[in-house]
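Please consult the sequence and structure shown below alongside the notes.

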Amino acid sequence: MGRASVVLLLTSFSLLSLSFVEATESQSRPILFNFGDSNSDTGGLVAGLGFPVNPPNGRSFFSRSTGRLSDGRLVIDFLCQSLNSSYLSPYLDSLGSNFTNGVNFAIVGSSTLPKYVPFALNIQVMQFLHFKSHLLGNTARGYLNFMDEQGFRSALYMIDIGQNDLADSFTKNLSYSQVVERIPLVLAEIKSAIKTIYEQGGKNFWIHNTGPLGCLPQKLSMESKGKVLDFYGCIQMYNDVAKSFNSGLRSACEELKSELKGVTIVYVDIYSIKYDLVANHTKYGFENPLMACCGFGGPPYNYNIDAKCGNEGSNVCKEGSRYISWDGTHYTEFANYIVASKILSTNYSTPRLKFAHFFHFNSEP
């Protein structure tokens, strides 16, 4: 991609309000429920635990911190925007929440194991069950009417989790084979979550696999000097584990489609999308593909666990700089925009269904 193409890409990014809308007609309200970790947390950690997510987080779009670990919008925000839908409110946010278009149960740091700890996947599912029961109970008494049983049946259930399970395994100094041996336990929890939601009437699922863990500046800076890097400078073993997890997740999705009657499960290859950003960073106009925009230490990774983004001593790149990594673990708004655009293309989905496929459009005002 030449300079003109990069300029065109940046221009299209600035015109999101006009061009990044998949649903062009008036529509019945899309309803989404999201389960996951920091990759899709829109403020749950701050709302639930009061954990500070300080500026410069949020600087690029919101002009303030919203609890998102990015300089702006996340992939899930762009997916909601593609439907002309408002952003998902965190389940734990008691002020200003709007649940008319669904709920975001994702929380920073979440994993599938161990179970029954805040905010493991099974806890998020339990929160969903409570939300549904409480809402339908109130609806029956006439207090609320913005979502009924049919709304829960036709909703899209999104799951993006597993990255922390893999990362935490490596922090425990487990070997490659030991980490791989734990993957079926993680997959079992994801399958259990889908089955539980299915038993509650959910039929539509949108499942993201995990990204290239070995390309994160955080992992690159903390791993020993003896790490084996691939052609693009990523930790080979970490990425091999991610690919093993993703292969198992895809198989699990296929098994569930055979097992659960009437279910639709779309498996999205986030790994390929994100790895392409690193491998072909110049194509997208990115600088320093393995370096954090916000952090400490300078090249090659600009990450220091004692001076993380937003904490005292950290620094941040100039606004307008094009980085893939925002803080060493999470992506910048611009990178998230490209990831979301590729998701919406359906080129990385199995089956290749549009994100808007699950929502019925009509002529309602």
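**Cavities and overall fold**

The largest cavity has a lining of 19 residues, and those nearest its centre are Asn39, Ser40, Val75, Asp160 and Lys274. The model is predicted. Its protein chain comprises 12 helices and eight strands.

**Largest cavity**
- The space in the largest cavity amounts to about 190 Å³.
- At least two lining residues come from each of helix 4 (75-82), strand 3 (156-160), helix 11 (270-279) and helix 12 (333-344).
- Strand 3 contributes the most to this lining, with three residues.
- By class, nine residues of the lining are nonpolar, eight are polar and two are charged.

**Other cavities**
- In total, the structure contains four cavities of 30 Å³ or more.
- The second largest cavity has a volume of about 50 Å³, and the residues lining it include Asn39, Gln163, Lys274 and Tyr331.
- Four nonpolar, four polar and one charged residues form the lining of the second largest cavity.

**Asn246**
- Asn246 lies in helix 10, which spans residues 236-259.
- Asn246 counts as buried because its relative accessible area is 5%, under the 20% cut-off.
- Beyond its neighbours within four places in sequence, Asn246 contacts Asn209, Thr210, Tyr267 and Tyr271.

**Chain as a whole**
- Of the 365 residues in the protein chain, 55% are buried.
- Among contacts with a separation of 6 or more, 71% join residues 24 or more positions apart.
- The chain exposes about 15900 Å², of which carbon and sulfur atoms supply 52%.

Methods: Residues are numbered from 1 along each chain as its sequence is written. This is a predicted model: local features need pLDDT of at least 70, side-chain atom pairs count only at pLDDT 80 or more; totals for chains, interfaces and linings use all residues. Side-chain values use heavy atoms; hydrogens and water are left out. Helices (H or I, at least four residues) and strands (E, at least two) are DSSP runs, numbered from the N terminus. Buried means under 20% relative accessible area, exposed over 50%, partly exposed in between (1.4 Å probe, protein chains only). Contact means heavy atoms within 4.5 Å. Accessible areas come from the Shrake-Rupley method with a 1.4 Å probe; for residues, only the protein chains shown count as cover. On a 1 Å grid over the protein atoms alone, a cavity is a set of points where a 1.4 Å probe fits but cannot get out, and a pocket is an open set with protein on both sides within 12 Å along at least five of seven lines; lining residues have an atom within 4 Å of a point. Grid points are joined across faces, edges and corners, and a volume is the space filled by probe spheres set on the points. Ala, Val, Leu, Ile, Met, Phe, Trp, Tyr, Cys and Pro count as nonpolar, Asp, Glu, Lys and Arg as charged, and the others, Gly among them, as polar.
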